[in-house]
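The structure comes first, then the details.

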Amino acid sequence: MDSAVQAAGSQFELNEDQRAIQAMAEAFAAERVAPNALEWDRERHFPADVIRETGPLGLGGIYIRDDVGGSALGRLDAVLIFEALSRACPAFSSFISIHNMAASMIDRFGSDEQRQRILPKLTSMEWLASYCLTEPGSGSDAAALKTKAERSGGNGSDYVLNGAKQFISGAGDSDVYVVMARTGADGPKGISTFVVPKDAPGLSFGANEKKMGWHMQSTRQVIFEDCKVPAENLLSSEGAGFGIAMAGLDGGRLNIAACSLGGAQSALDKALAYASERKAFGKTIDQFQALQFKLADMETELQASRIFLYAAASKLDAKAHDASKWSAMAKRFVTDTGFRIANDALQLFGGYGYLHDYGVEKLVRDLRVHQILEGTNEIMRVIVARHMIGRQ
(Lines give C-alpha, C1' and ligand atoms only; values in the text may rest on other atoms or scores of the structure.)
Protein backbone atom coordinates (compact mmCIF):
# COMPACT_ATOMS: atom_id res chain seq x y z
CA MET A 1 0.00 0.00 0.00
CA ASP A 2 1.23 3.49 -0.81
CA SER A 3 2.79 5.14 2.26
CA ALA A 4 0.97 8.40 1.56
CA VAL A 5 -2.37 6.60 1.64
CA GLN A 6 -1.32 4.91 4.89
CA ALA A 7 -0.41 8.26 6.43
CA ALA A 8 -3.78 9.81 5.60
CA GLY A 9 -5.61 6.67 6.65
CA SER A 10 -3.94 6.68 10.04
CA GLN A 11 -5.59 10.00 10.79
CA PHE A 12 -8.90 8.14 10.79
CA GLU A 13 -7.63 4.97 12.43
CA LEU A 14 -8.29 2.61 9.54
CA ASN A 15 -8.78 -0.81 11.05
CA GLU A 16 -7.45 -4.11 9.78
CA ASP A 17 -10.64 -4.85 7.85
CA GLN A 18 -10.54 -1.48 6.09
CA ARG A 19 -6.93 -2.00 5.09
CA ALA A 20 -7.84 -5.44 3.75
CA ILE A 21 -10.73 -3.94 1.75
CA GLN A 22 -8.40 -1.31 0.35
CA ALA A 23 -5.81 -3.92 -0.60
CA MET A 24 -8.45 -6.12 -2.25
CA ALA A 25 -9.69 -3.23 -4.42
CA GLU A 26 -6.12 -2.25 -5.34
CA ALA A 27 -5.26 -5.82 -6.34
CA PHE A 28 -8.38 -6.23 -8.50
CA ALA A 29 -7.80 -2.86 -10.16
CA ALA A 30 -4.16 -3.66 -10.89
CA GLU A 31 -4.92 -7.09 -12.32
CA ARG A 32 -8.20 -6.63 -14.19
CA VAL A 33 -8.64 -2.91 -14.89
CA ALA A 34 -5.28 -1.16 -15.31
CA PRO A 35 -3.96 -3.40 -18.12
CA ASN A 36 -7.12 -2.78 -20.17
CA ALA A 37 -8.04 0.82 -19.34
CA LEU A 38 -6.37 2.51 -22.32
CA GLU A 39 -7.83 -0.01 -24.76
CA TRP A 40 -11.33 0.39 -23.31
CA ASP A 41 -10.95 4.15 -23.63
CA ARG A 42 -9.62 3.98 -27.19
CA GLU A 43 -12.27 1.49 -28.38
CA ARG A 44 -15.09 3.08 -26.36
CA HIS A 45 -15.76 -0.36 -24.93
CA PHE A 46 -18.07 -0.92 -21.95
CA PRO A 47 -16.44 -3.83 -20.05
CA ALA A 48 -19.61 -5.34 -18.60
CA ASP A 49 -17.86 -8.67 -18.03
CA VAL A 50 -15.15 -7.13 -15.85
CA ILE A 51 -17.68 -4.94 -14.03
CA ARG A 52 -19.69 -8.05 -13.16
CA GLU A 53 -16.53 -9.62 -11.70
CA THR A 54 -16.73 -7.07 -8.88
CA GLY A 55 -19.96 -8.66 -7.62
CA PRO A 56 -18.33 -11.65 -5.88
CA LEU A 57 -15.92 -9.19 -4.25
CA GLY A 58 -18.84 -7.41 -2.60
CA LEU A 59 -18.58 -4.25 -4.71
CA GLY A 60 -22.09 -4.47 -6.16
CA GLY A 61 -23.63 -3.45 -2.84
CA ILE A 62 -20.88 -1.80 -0.84
CA TYR A 63 -23.16 -0.08 1.67
CA ILE A 64 -26.25 -2.25 1.08
CA ARG A 65 -27.61 -4.31 3.97
CA ASP A 66 -26.38 -7.89 4.10
CA ASP A 67 -29.80 -9.60 4.08
CA VAL A 68 -29.94 -8.97 0.32
CA GLY A 69 -26.30 -9.77 -0.38
CA GLY A 70 -24.81 -6.38 0.38
CA SER A 71 -21.49 -5.80 2.10
CA ALA A 72 -22.99 -3.42 4.72
CA LEU A 73 -19.85 -1.28 4.75
CA GLY A 74 -19.57 2.39 5.68
CA ARG A 75 -18.93 5.48 3.60
CA LEU A 76 -15.27 5.67 4.52
CA ASP A 77 -14.93 2.06 3.39
CA ALA A 78 -16.56 3.02 0.09
CA VAL A 79 -14.21 5.98 -0.37
CA LEU A 80 -11.23 3.66 0.09
CA ILE A 81 -12.61 1.30 -2.57
CA PHE A 82 -13.38 3.99 -5.16
CA GLU A 83 -10.03 5.67 -4.62
CA ALA A 84 -8.24 2.35 -5.18
CA LEU A 85 -10.22 1.46 -8.31
CA SER A 86 -9.69 4.93 -9.78
CA ARG A 87 -5.95 4.61 -9.68
CA ALA A 88 -6.49 2.11 -12.50
CA CYS A 89 -9.37 3.89 -14.28
CA PRO A 90 -11.61 6.69 -12.94
CA ALA A 91 -14.34 5.92 -15.49
CA PHE A 92 -14.54 2.28 -14.37
CA SER A 93 -14.67 3.28 -10.71
CA SER A 94 -17.29 5.96 -11.40
CA PHE A 95 -19.66 3.44 -12.95
CA ILE A 96 -19.36 1.20 -9.87
CA SER A 97 -20.23 4.28 -7.81
CA ILE A 98 -23.33 5.04 -9.90
CA HIS A 99 -24.50 1.44 -9.64
CA ASN A 100 -24.10 1.53 -5.86
CA MET A 101 -25.92 4.86 -5.57
CA ALA A 102 -28.92 3.50 -7.48
CA ALA A 103 -28.94 0.28 -5.46
CA SER A 104 -28.70 2.17 -2.17
CA MET A 105 -31.84 4.15 -2.97
CA ILE A 106 -33.76 0.88 -3.30
CA ASP A 107 -32.19 -0.42 -0.09
CA ARG A 108 -33.04 2.71 1.90
CA PHE A 109 -36.49 3.51 0.55
CA GLY A 110 -37.85 0.32 -0.97
CA SER A 111 -40.30 -2.01 0.74
CA ASP A 112 -39.04 -5.35 1.98
CA GLU A 113 -40.70 -6.98 -1.03
CA GLN A 114 -38.89 -4.62 -3.41
CA ARG A 115 -35.57 -5.11 -1.65
CA GLN A 116 -35.82 -8.90 -1.74
CA ARG A 117 -37.01 -8.93 -5.36
CA ILE A 118 -34.47 -6.51 -6.86
CA LEU A 119 -31.38 -6.09 -4.71
CA PRO A 120 -29.88 -9.61 -4.73
CA LYS A 121 -29.43 -9.31 -8.49
CA LEU A 122 -27.83 -5.86 -8.08
CA THR A 123 -25.50 -6.74 -5.22
CA SER A 124 -24.27 -9.79 -7.17
CA MET A 125 -23.83 -7.60 -10.28
CA GLU A 126 -26.06 -9.97 -12.25
CA TRP A 127 -27.95 -6.75 -12.97
CA LEU A 128 -26.30 -3.35 -13.46
CA ALA A 129 -28.09 -0.16 -12.43
CA SER A 130 -28.22 3.45 -13.62
CA TYR A 131 -29.48 6.62 -11.91
CA CYS A 132 -31.86 8.81 -13.94
CA LEU A 133 -32.45 12.35 -12.68
CA THR A 134 -31.02 14.87 -15.18
CA GLU A 135 -33.15 15.93 -18.16
CA PRO A 136 -32.39 17.87 -21.36
CA GLY A 137 -34.06 20.98 -19.96
CA SER A 138 -33.20 20.67 -16.27
CA GLY A 139 -29.68 20.12 -15.05
CA SER A 140 -28.86 21.82 -11.76
CA ASP A 141 -32.56 22.71 -11.33
CA ALA A 142 -33.52 19.10 -10.73
CA ALA A 143 -36.90 19.98 -9.20
CA ALA A 144 -37.99 21.33 -12.61
CA LEU A 145 -37.92 17.89 -14.27
CA LYS A 146 -40.70 17.22 -16.78
CA THR A 147 -40.80 13.44 -17.21
CA LYS A 148 -44.33 12.41 -16.21
CA ALA A 149 -45.74 9.26 -14.65
CA GLU A 150 -49.50 8.73 -14.68
CA ARG A 151 -51.62 5.95 -13.22
CA SER A 152 -52.96 3.46 -15.72
CA GLY A 153 -54.47 -0.01 -15.93
CA GLY A 154 -57.14 -1.59 -13.79
CA ASN A 155 -57.23 -0.07 -10.32
CA GLY A 156 -54.11 1.92 -11.19
CA SER A 157 -51.98 -1.23 -11.40
CA ASP A 158 -49.44 0.49 -13.65
CA TYR A 159 -47.78 3.82 -14.26
CA VAL A 160 -47.13 5.16 -17.75
CA LEU A 161 -43.99 7.29 -18.11
CA ASN A 162 -43.34 9.88 -20.81
CA GLY A 163 -40.24 12.05 -21.16
CA ALA A 164 -36.49 11.72 -21.43
CA LYS A 165 -33.41 11.69 -19.22
CA GLN A 166 -30.07 13.09 -20.36
CA PHE A 167 -26.41 12.16 -19.68
CA ILE A 168 -27.25 8.76 -18.19
CA SER A 169 -24.20 6.60 -17.56
CA GLY A 170 -24.71 2.97 -18.51
CA ALA A 171 -27.86 3.74 -20.52
CA GLY A 172 -28.56 0.85 -22.84
CA ASP A 173 -26.14 -1.42 -20.97
CA SER A 174 -27.68 -1.34 -17.49
CA ASP A 175 -30.51 -3.69 -16.59
CA VAL A 176 -32.31 -1.41 -14.09
CA TYR A 177 -32.99 2.36 -14.09
CA VAL A 178 -33.89 4.28 -10.94
CA VAL A 179 -35.99 7.09 -12.42
CA MET A 180 -37.34 10.32 -11.00
CA ALA A 181 -40.63 11.35 -12.65
CA ARG A 182 -43.41 13.81 -11.96
CA THR A 183 -46.64 12.38 -10.53
CA GLY A 184 -47.99 15.64 -9.13
CA ALA A 185 -47.76 19.41 -9.33
CA ASP A 186 -44.67 21.40 -10.28
CA GLY A 187 -41.86 21.55 -7.77
CA PRO A 188 -40.08 18.98 -5.62
CA LYS A 189 -43.21 17.67 -3.88
CA GLY A 190 -44.63 16.39 -7.16
CA ILE A 191 -41.76 13.99 -7.92
CA SER A 192 -41.74 10.22 -7.40
CA THR A 193 -39.16 7.47 -7.91
CA PHE A 194 -39.58 4.32 -10.00
CA VAL A 195 -37.48 1.25 -10.66
CA VAL A 196 -37.72 0.66 -14.40
CA PRO A 197 -36.41 -2.59 -15.92
CA LYS A 198 -34.59 -2.46 -19.24
CA ASP A 199 -37.27 -4.56 -20.92
CA ALA A 200 -40.14 -2.27 -19.92
CA PRO A 201 -42.37 -1.63 -22.97
CA GLY A 202 -41.87 1.92 -24.27
CA LEU A 203 -38.32 2.29 -22.91
CA SER A 204 -35.61 3.15 -25.46
CA PHE A 205 -32.20 4.81 -25.63
CA GLY A 206 -30.61 7.56 -27.69
CA ALA A 207 -27.33 7.38 -29.55
CA ASN A 208 -24.16 7.02 -27.51
CA GLU A 209 -22.84 10.53 -26.82
CA LYS A 210 -19.44 11.52 -28.17
CA LYS A 211 -17.74 12.75 -25.01
CA MET A 212 -14.48 14.34 -23.93
CA GLY A 213 -13.79 11.55 -21.43
CA TRP A 214 -15.33 8.53 -19.71
CA HIS A 215 -15.12 6.76 -23.06
CA MET A 216 -15.48 3.28 -21.55
CA GLN A 217 -18.95 4.20 -20.26
CA SER A 218 -21.95 4.47 -22.51
CA THR A 219 -23.77 7.78 -22.04
CA ARG A 220 -27.17 8.06 -23.70
CA GLN A 221 -30.60 9.55 -23.33
CA VAL A 222 -33.13 7.29 -21.65
CA ILE A 223 -36.44 7.80 -23.46
CA PHE A 224 -39.91 6.97 -22.14
CA GLU A 225 -42.72 6.76 -24.70
CA ASP A 226 -45.85 5.44 -22.98
CA CYS A 227 -43.46 3.30 -20.95
CA LYS A 228 -45.45 0.96 -18.72
CA VAL A 229 -44.10 0.25 -15.24
CA PRO A 230 -45.92 -1.81 -12.57
CA ALA A 231 -47.14 0.23 -9.62
CA GLU A 232 -45.22 -2.17 -7.37
CA ASN A 233 -42.03 -0.53 -8.72
CA LEU A 234 -42.84 2.84 -7.11
CA LEU A 235 -40.33 3.49 -4.31
CA SER A 236 -41.82 4.69 -1.02
CA SER A 237 -44.84 6.80 -2.01
CA GLU A 238 -45.92 9.38 -4.54
CA GLY A 239 -44.23 12.72 -3.89
CA ALA A 240 -41.26 11.23 -2.03
CA GLY A 241 -39.02 11.11 -5.08
CA PHE A 242 -37.14 14.37 -4.76
CA GLY A 243 -36.12 13.55 -1.20
CA ILE A 244 -35.03 10.07 -2.32
CA ALA A 245 -32.95 11.56 -5.13
CA MET A 246 -31.27 14.08 -2.86
CA ALA A 247 -30.62 11.53 -0.12
CA GLY A 248 -28.38 9.56 -2.43
CA LEU A 249 -26.27 12.53 -3.44
CA ASP A 250 -24.21 13.08 -0.28
CA GLY A 251 -22.64 9.65 -0.65
CA GLY A 252 -22.47 9.98 -4.42
CA ARG A 253 -20.52 13.20 -4.06
CA LEU A 254 -17.99 11.55 -1.77
CA ASN A 255 -17.68 8.63 -4.18
CA ILE A 256 -16.95 10.85 -7.15
CA ALA A 257 -14.46 12.85 -5.08
CA ALA A 258 -12.73 9.54 -4.27
CA CYS A 259 -12.60 8.78 -7.99
CA SER A 260 -10.86 12.13 -8.53
CA LEU A 261 -8.47 11.41 -5.69
CA GLY A 262 -7.45 8.05 -7.11
CA GLY A 263 -7.05 9.45 -10.61
CA ALA A 264 -4.93 12.32 -9.32
CA GLN A 265 -2.73 9.91 -7.36
CA SER A 266 -2.21 7.90 -10.55
CA ALA A 267 -1.27 11.05 -12.46
CA LEU A 268 1.23 12.08 -9.79
CA ASP A 269 2.74 8.58 -9.71
CA LYS A 270 3.21 8.70 -13.47
CA ALA A 271 4.74 12.18 -13.27
CA LEU A 272 7.23 11.12 -10.58
CA ALA A 273 8.31 8.07 -12.55
CA TYR A 274 8.71 10.07 -15.75
CA ALA A 275 10.64 12.88 -14.03
CA SER A 276 13.14 10.35 -12.66
CA GLU A 277 13.86 9.01 -16.15
CA ARG A 278 13.58 11.97 -18.52
CA LYS A 279 16.86 13.81 -19.00
CA ALA A 280 17.43 17.42 -20.04
CA PHE A 281 20.61 19.47 -19.93
CA GLY A 282 22.58 16.49 -18.66
CA LYS A 283 20.46 15.39 -15.70
CA THR A 284 17.05 13.93 -14.92
CA ILE A 285 14.38 16.60 -14.76
CA ASP A 286 13.47 15.76 -11.16
CA GLN A 287 16.78 17.44 -10.23
CA PHE A 288 15.50 20.87 -11.30
CA GLN A 289 14.25 22.92 -8.37
CA ALA A 290 11.36 24.48 -10.30
CA LEU A 291 10.00 21.03 -11.05
CA GLN A 292 10.61 19.88 -7.48
CA PHE A 293 8.49 22.80 -6.25
CA LYS A 294 5.69 21.75 -8.60
CA LEU A 295 5.84 18.14 -7.41
CA ALA A 296 5.84 19.28 -3.78
CA ASP A 297 2.73 21.40 -4.36
CA MET A 298 0.97 18.51 -6.12
CA GLU A 299 1.75 16.16 -3.23
CA THR A 300 0.64 18.69 -0.62
CA GLU A 301 -2.66 19.36 -2.37
CA LEU A 302 -3.27 15.65 -2.88
CA GLN A 303 -2.73 14.86 0.80
CA ALA A 304 -4.96 17.78 1.86
CA SER A 305 -7.66 16.37 -0.43
CA ARG A 306 -7.28 12.87 0.99
CA ILE A 307 -7.55 14.00 4.60
CA PHE A 308 -10.51 16.28 3.79
CA LEU A 309 -12.34 13.48 1.97
CA TYR A 310 -11.75 10.90 4.69
CA ALA A 311 -13.02 13.41 7.27
CA ALA A 312 -16.18 14.08 5.25
CA ALA A 313 -16.82 10.34 4.83
CA SER A 314 -16.36 9.84 8.57
CA LYS A 315 -18.95 12.55 9.22
CA LEU A 316 -21.44 10.88 6.89
CA ASP A 317 -20.87 7.55 8.65
CA ALA A 318 -21.47 9.25 11.99
CA LYS A 319 -24.62 10.99 10.64
CA ALA A 320 -23.18 14.30 11.82
CA HIS A 321 -25.48 17.31 11.53
CA ASP A 322 -23.12 18.99 9.08
CA ALA A 323 -22.41 15.91 6.96
CA SER A 324 -24.17 17.34 3.89
CA LYS A 325 -22.09 20.51 4.05
CA TRP A 326 -18.89 18.51 4.38
CA SER A 327 -19.90 16.23 1.50
CA ALA A 328 -20.44 19.27 -0.72
CA MET A 329 -17.19 20.89 0.39
CA ALA A 330 -15.21 17.70 -0.16
CA LYS A 331 -16.75 17.13 -3.58
CA ARG A 332 -15.89 20.67 -4.69
CA PHE A 333 -12.39 20.74 -3.23
CA VAL A 334 -11.23 17.25 -4.19
CA THR A 335 -12.59 17.24 -7.74
CA ASP A 336 -11.14 20.68 -8.47
CA THR A 337 -7.80 19.67 -6.96
CA GLY A 338 -7.74 16.28 -8.64
CA PHE A 339 -8.25 17.78 -12.09
CA ARG A 340 -5.57 20.41 -11.46
CA ILE A 341 -3.04 17.77 -10.36
CA ALA A 342 -3.75 15.62 -13.43
CA ASN A 343 -3.40 18.67 -15.68
CA ASP A 344 -0.11 19.63 -14.01
CA ALA A 345 1.13 16.08 -14.49
CA LEU A 346 0.38 16.32 -18.21
CA GLN A 347 2.34 19.56 -18.38
CA LEU A 348 5.31 17.91 -16.70
CA PHE A 349 5.36 15.25 -19.43
CA GLY A 350 5.60 17.96 -22.09
CA GLY A 351 4.55 16.76 -25.54
CA TYR A 352 4.52 13.12 -24.42
CA GLY A 353 1.71 13.91 -22.00
CA TYR A 354 -0.50 14.71 -24.96
CA LEU A 355 -0.05 11.18 -26.33
CA HIS A 356 -2.62 8.52 -25.52
CA ASP A 357 -0.15 5.74 -24.75
CA TYR A 358 1.20 7.50 -21.63
CA GLY A 359 -2.24 7.52 -20.01
CA VAL A 360 -2.02 11.03 -18.56
CA GLU A 361 -4.27 12.75 -21.10
CA LYS A 362 -6.94 10.10 -20.38
CA LEU A 363 -6.82 11.00 -16.69
CA VAL A 364 -7.24 14.69 -17.50
CA ARG A 365 -10.23 13.93 -19.72
CA ASP A 366 -11.83 11.52 -17.25
CA LEU A 367 -11.44 13.77 -14.21
CA ARG A 368 -12.80 16.90 -15.88
CA VAL A 369 -16.42 15.71 -15.73
CA HIS A 370 -16.20 15.11 -11.98
CA GLN A 371 -16.42 18.88 -11.51
CA ILE A 372 -19.83 18.78 -13.21
CA LEU A 373 -21.71 15.64 -12.19
CA GLU A 374 -23.38 14.85 -8.84
CA GLY A 375 -24.11 18.59 -8.75
CA THR A 376 -21.76 21.08 -10.37
CA ASN A 377 -19.08 22.59 -8.20
CA GLU A 378 -20.91 25.91 -8.43
CA ILE A 379 -23.94 24.21 -6.86
CA MET A 380 -21.65 22.76 -4.17
CA ARG A 381 -20.73 26.35 -3.26
CA VAL A 382 -24.42 27.23 -3.04
CA ILE A 383 -25.06 24.30 -0.69
CA VAL A 384 -22.13 25.23 1.56
CA ALA A 385 -23.12 28.89 1.68
CA ARG A 386 -26.71 28.05 2.58
CA HIS A 387 -25.53 25.91 5.48
CA MET A 388 -23.28 28.73 6.61
CA ILE A 389 -26.03 31.35 6.65
CA GLY A 390 -28.65 29.08 8.18
CA ARG A 391 -30.87 28.33 5.21
CA GLN A 392 -30.57 24.57 5.64
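## Arg 52 and Asp 175

Arg 52 is partly exposed, at 28% relative accessibility. Here buried means under 20% relative accessible area, exposed means over 50%, and partly exposed lies in between (1.4 Å probe, protein chains only). Asp 175 is also partly exposed, at 21%.

The two side chains form a salt bridge, 3.8 Å from N to O. Asp 175 sits in the loop between β3 (158–169) and β4 (176–182) and Arg 52 in helix α4 (residues 48–52), so the pair ties together parts 123 residues apart in sequence. Helices (H or I, at least four residues) and strands (E, at least two) are DSSP runs, numbered from the N terminus.

## Basis of the model

The model is predicted: local features need pLDDT of at least 70, side-chain atom pairs count only at pLDDT 80 or more, and totals for chains, interfaces and linings use all residues. Residues are numbered from 1 along each chain as its sequence is written, and side-chain values use heavy atoms, leaving out hydrogens and water.

The structure holds 22 salt bridges. Each is a side-chain nitrogen of Lys or Arg within 4 Å of a carboxyl oxygen of Asp or Glu.

Arg 115 and Asp 67 form one of them, at 2.8 Å from N to O. Arg 115 lies in helix α7 (residues 112–123) and Asp 67 in the loop between α4 and α5 (75–86), so this pair ties together parts 48 residues apart in sequence. Arg 115 is buried at 4%, whereas Asp 67 is partly exposed at 43%.

## Lys 315 and Asp 322

Lys 315 meets Asp 322 in a salt bridge of 3.1 Å, N to O. Lys 315 is partly exposed at 22%; Asp 322 is buried at 14%.
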